[in-house]
Amino acid sequence: MESKAANEHVLTLKNIYRMLTKFDYMNHSYPPLSPMAMKGQTLVRFWRELFTLGLPEGIDLSLFDSESGRSRSLTKVLNRTGTERLADKWFMSLSASSGEELLLSMTRAWQDTLTGHDYNSGALNVRLNSFLEALSASGELGREENENLFLNLRISLDESAGAPTLFRHALALSLLSVFALYGNRLKDTMLDRIRMTADRGMNDLYRRSLHSDAEAQVISRRDCLLCVQPLAQDRYFGNDAALESSMDVFVGGGGKLLICGLGGIGKTEFARQLLQRLRASGLYRRIAFVQYETDLNTSFALAFDALDGLSVSQRIEKTRDILEKNDGGRTLLLIDNLDNSPADDSDIAKLSTFGCDIMITSRLTELEGFVSLKLEGLDMKDAAGLFMTIDPDASRQPEDVRGICELVYGHPLAITLFANLCKVRFWPADRLLDRLMQSGIRELSFIRQAVSVSVPNVLTETFDMSHLSSQQGKLLRLMSILPLIYRKPDHLSLYAQDVCHNTDDLTDTCCILSDLGWLMRSNDGFAIHPLIAQMIRLKKFGSEEFPLLWEMIRQAGQTQEHTRELISMVLNLPKLNLENIRAAILLEKRIAFIPYLRLPDRLYELTENFLKTEPHEACDEADFIVAQCYRALVVAGDADAFRQRLRSLISDQRLLLSASDKSNIYSLLENGASFADEELKSLIGEAFEIIKPAQDDTERMISHLISLGEYQRNALHDPQRALDTLDKAESLLQREGEEKTQRCSNLFYRQACCLLDLSRNAQAAARLEACIGIMLESGARNDSVNMMSTRNTYALALMRSGENHKAIEQFRMLNRFYREQKRDDQMPYAALQNNIALLLYDMGMYKEAESCIRTALRIDRRHGEQARNLPVHLRNAALILTRVNKHAEALKTAQEALNKHEKLYGRDSGQTGYAAAVLALTLAHNGKTPEALAMIDSALPVLRDKLGEDHQFTKKALEYRAEIKALVKA
């Protein structure tokens with residue numbers, strides 16, 4: 001019988017599996033495949049999945065068939081201890097496809113398998129080399145028929161090769177598994193078909209592995225001007241040498257190219273031509289298209305689904321993670337029309353650190369970390385060729401064509417417009433040349449010495465000469481404020497109801513404009529050149545030109561995509577007024593949980609600028625806009641921007657003082673109270689003092705006291721002081737006879753939250769019951785989101801009061817509502833699941849509580865920093881995980897909860913003190929009782945000082961201390 005050691009030195013599928021999964025296999029090392037990822041995996045299942053995925057079409061896969069249960073034939077193959085013959089039935093099928101197709105297909109399957117099992121590349125390096133040495137020492141690789149295998153394996157593990165580590169490892173495992181599967185029936189002719197040589201080496205095989213997948217995967221979601229097919233070779237003029245040199249930037253990996261030049265010089269088309277060559281080379285596995293709009297952060301958010309719900313500060317790093325993902329190949333990022341400098345958009349400077357290849361078109365002439373390629377105007381031969389390709393009749397007047405081209409220094413966009421004008425208007429070239437000279441275009445638009453072109457002037461002159469109809473001009477104005485993508489007429493008709501009566505009319509108008517060169521045309525529809533859009537917007541126009549579109553904006557878009565486009569249109573209008581800005585804010589509010597990134601800043605600045613230049617006749621309207629801008633900053637989790645804006649608002653008190661209705665100002669101050677920022681707290685307090693009404697102004701004083709109470713509870717974490725303030729507001733409401741109004745209901749809710757903070761749970765439940773009664777009497781729907789939120793807090797108060805059966809009834813109603821409304825992926829549902837988990841916890845149903853709290857955390861994680869309840873949910877999760885004996889996970893969760901509590905509430909708050917007590921409990925259950933005692937002993941004084949002896953958190957912390965002491969004795 002062969003020894004175990006001897007068996008380890010034989011090339012079999014079982015030994016490859018051992019090498020990948022077994023601890024201390026052949027040497028003292030960690031297994032390359034993650035034990036957690038391999039949990040539940042078996043030898044047979046592992047190879048069945050890999051070969052089913054990796055063998056090319058046409059091979060008989062019945063050997064690996066799992067439908068009839070465990071395959072005895074496969075088990076026999078897997079349990080071979082040597083290189084015996086493979087059964088004739090399987091050999092005949094497998095040998096039919098033993099060429100490069102088999103090797104590449106297996107390599108892709110191995111790449112997916114390795115990444116799917118969280119493989120450790122360093123550990124695999126160690127194991128593979130040890131495995132090969134053992135095979136060589138045993139004579140396994142010394143036999144003549146296996147020399148080719150040994151050579152190929154050494155090539156695949158050569159770290160100097162340009163292919164990524166993942167590909168090289170996958171290729172080595174492919175070779176091993178193919179040889180192990182065939183056994184000693186792999187003949188020389190078959191070996192030769194999968195041989196790597198100097199002529200057909202690693203990098204060549206790697207490129208073909210990518211190219212064999214046909215098109216590289218596009219990982220961005222949004223259309224982009226770069227996505228369009230490039231011009232055919234016979235219609236593209238100039239820059240052939242630049243295309244060749246630009247290829248060299250990318251071939252070696254890590255290429256970063258900035259394609260720069262004047263607007264309309266052909267940067268986007270050059271990028272399309274270069275991309276076509278790069279795709280054909282098979283260099284890239286993934287491609288991402290980004291149309292630059294506003295700033296890089298906004299542009300990325302519009303391009304990648306994975307950024308939905310993340311705060312501004314998270315998006316750039318998340319984009320980096322997406323682009324740097326190890327997916328078995330390289331990634332190319334393309335950004336079109338980057339028109340800001342790093343000074344204007346600081347995120348641009350971070351692009352040089354991205355671990356992917358990047359191509360950018362821009363009017364910037366240089367960018368740190370990038371190779372700059374400046375495009376110039378066409379030489380006169382190519383310029384004339386472009387003109388006459390568009391307008392063949394112009395070939396009869398070559399000198400006049402040359403004169404036109406010289407006039408604009410070979411500028412491609414200008415030449416294209418001139419040629420289209422001649423073609424459509426049936427003008428001979430000499431007539432156009434005369435018109436251009438008469439217009440004084442040379443003097444107006446060009447500086448010969450610097451060989452530069454004032455392109456907007458050229459476009460304006462050409463536009464005026466085109467004599468477009470009113471309908472055509474109106475459509476161009478609409479296109480100029482739309483996001484820069486291609487769109488088909490049926491999509492464009494959604495916004496063009498003010499321009500054309502039907503889609504056919506719209507299509508005809510688009511075709512005429514594309515014939516004239518004012519629109520670009522492709523199979524994807526029509527788009528406007530960004531430079532032409534810029535020129536059109538110089539002809540100031542406003543929303544009054546598009547009444548039907550404006551009505552649509554007032555009603556907001558039917559889908560999120562439409563909403564975003566409507567916001568862009570509002571902000572791109574050359575003439576803005578407060579109504580425009582208000583409309584954009586209302587639209588933005590509809591996608592509050594996918595914030596439009598820097599939109600709050602832009603809207604605030606637009607408002608600020610408008611108020612400086614226009615009569616301040618609608619101050620309340622401006623108050624609303626400013627307040628909503630602040631709300632959006634809160635949603636985005638941007639405390640720095642909020643603080644900066646609030647300082648500006650306090651220094652210029654016009655908006656704070658002049659509005660007759662302060663409700664929006666109060667709203668923004670309450671929103672700011674959610675930040676744990678001492679300076680911000682002080683600024684909010686200062687603002688409250690500025691807008692404090694006179695004592696005899698009862699109406700304003702009520703609003704002031706309600707908002708002040710919210711500030712004292714959320715920012716100062718002083719629920720008793722907040723309750724005293726709210727009680728004063730209640731006295732004024734009663735004096736005014738408002739016991740049953742919506743404002744009274746709102747007040748009761750806030751009082752109840754303070755009472756819950758103070759552990760006066762029965763009183764809180766009574767207040768909430770009264771609140772719900774007022775809401776129902778005033779006609780509020782019992783199934784509205786606002787009502788459900790109130791009922792959720794009511795159920796929590798009932799639970800804390802010991803009225804579990806009443807609480808369960810409320811929770812069931814709430815759970816049914818959120819599921820029926822398909823709102824079970826939103827943050828209110830996370831809060832509900834947290835409350836249900838707490839109820840189940842109190843009832844000793846810990847496993848059921850764990851399921852609920854995990855649901856809450858999953859929703860919170862998806863919403864990122866917008867999930868303001870995440871710290872509390874983490875704290876509760878740590879408690880529940882402790883009760884189900886998942887102590888290591890509980891400790892990690894409790895530590896995260898404490899970190900987030902300190903950030904949100906400050907180090908010395910009662911909330912943070914309780915989070916520290918929970919962490920102490922998890923430490924004790926992980927055997928760290930001395931640290932646990934020290935931590936809970938430091939937390940208790942904070943809880944007593946901030947919350948008092950009778951607060952539920954203080955009482956629970958004392959229970960945890962007793963539990964920790966018991967663990968010490970045990």
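Phenylalanine 426 lies in the loop between α18 and α19 (429-438), where helices (H or I, at least four residues) and strands (E, at least two) are DSSP runs numbered from the N terminus. This residue has a positive phi of about 60 degrees although it is not a glycine. Most residues other than glycine have a negative phi. With a relative accessible area of 72%, phenylalanine 426 is exposed; here buried means under 20% relative accessible area, exposed over 50%, and partly exposed in between, with a 1.4 Å probe and protein chains only. The model is a predicted one, in which local features need pLDDT of at least 70 and side-chain atom pairs count only at pLDDT 80 or more, while totals for chains, interfaces and linings use all residues. Residues are numbered from 1 along each chain as its sequence is written, and side-chain values use heavy atoms, with hydrogens and water left out.

A positive phi is also found at asparagine 885, a residue other than glycine, with a value near 65 degrees. Asparagine 885 sits in the loop between α43 (870-883) and α44 (887-905). It counts as exposed, at 60% relative accessibility.

Turning to the protein as a whole, the secondary structure comes to 47 helices and ten strands. Of its 970 residues, 56% count as buried. Among contacts between residues at least 6 apart in sequence, 71% join residues at least 24 apart, a contact being heavy atoms within 4.5 Å.

Leaving aside neighbours within four places in sequence, leucine 375 is in contact with Asn239, Ile259, Cys260, Gly261, Ile265, Gly266, Lys267 and Phe270.

Two further leucines lie in helices. Leucine 302, in helix α14 (residues 296-303), is buried, with a relative accessible area of 8%. From C-alpha to C-alpha, leucine 302 and aspartate 223 are 9.6 Å apart in space and 79 residues apart in sequence. Leucine 649 has its place in helix α31 (residues 639-651) and is buried, with a relative accessible area of 2%. For leucine 649 and alanine 687, the C-alpha to C-alpha distance is 8.7 Å, and the two are 38 residues apart in sequence.

Threonine 165 is found in helix α9 (residues 165-182) and is partly exposed, with a relative accessible area of 30%. Not counting residues up to four places away in sequence, threonine 165 touches Tyr119 and Ser121.

Helix packing comes next. Two packed helices are described by the angle between their axes and the distance between the axes. The axes of helix α2 (residues 13-21) and helix α3 (residues 43-54) come within 11 Å and cross at roughly 100 degrees. Helix α2 is therefore roughly perpendicular to α3. Axes are lines fitted to C-alpha atoms, for helices over the stretch in contact, with angles running from 0 to 180 degrees between N-to-C directions; angles under 35 degrees count as roughly parallel, over 145 as roughly antiparallel, 65 to 115 as roughly perpendicular and the rest as oblique. On the α2 side, Leu13, Lys14, Ile16, Tyr17 and Leu20 meet Leu43, Phe46, Trp47 and Phe51 of α3. The residues of this contact divide into eight nonpolar, no polar and one charged, where Ala, Val, Leu, Ile, Met, Phe, Trp, Tyr, Cys and Pro count as nonpolar, Asp, Glu, Lys and Arg as charged, and the others, Gly among them, as polar.

The second largest pocket has a volume of about 1,400 Å³. Of the 50 residues that line this pocket, Leu231, Glu269, Arg272, Thr416 and Met520 are the closest to its centre. Elements that give two or more residues to the lining include α13 (267-281), β4 (330-338), α16 (380-390) and α18 (412-425). Helix α18 gives the most to the lining, with six residues. By class, the lining has 23 nonpolar, 16 polar and eleven charged residues. On a 1 Å grid over the protein atoms alone, a pocket is an open set of points where a 1.4 Å probe fits, with protein on both sides within 12 Å along at least five of seven lines, and lining residues have an atom within 4 Å of a point. Grid points are joined across faces, edges and corners, and a volume is the space filled by probe spheres set on the points.
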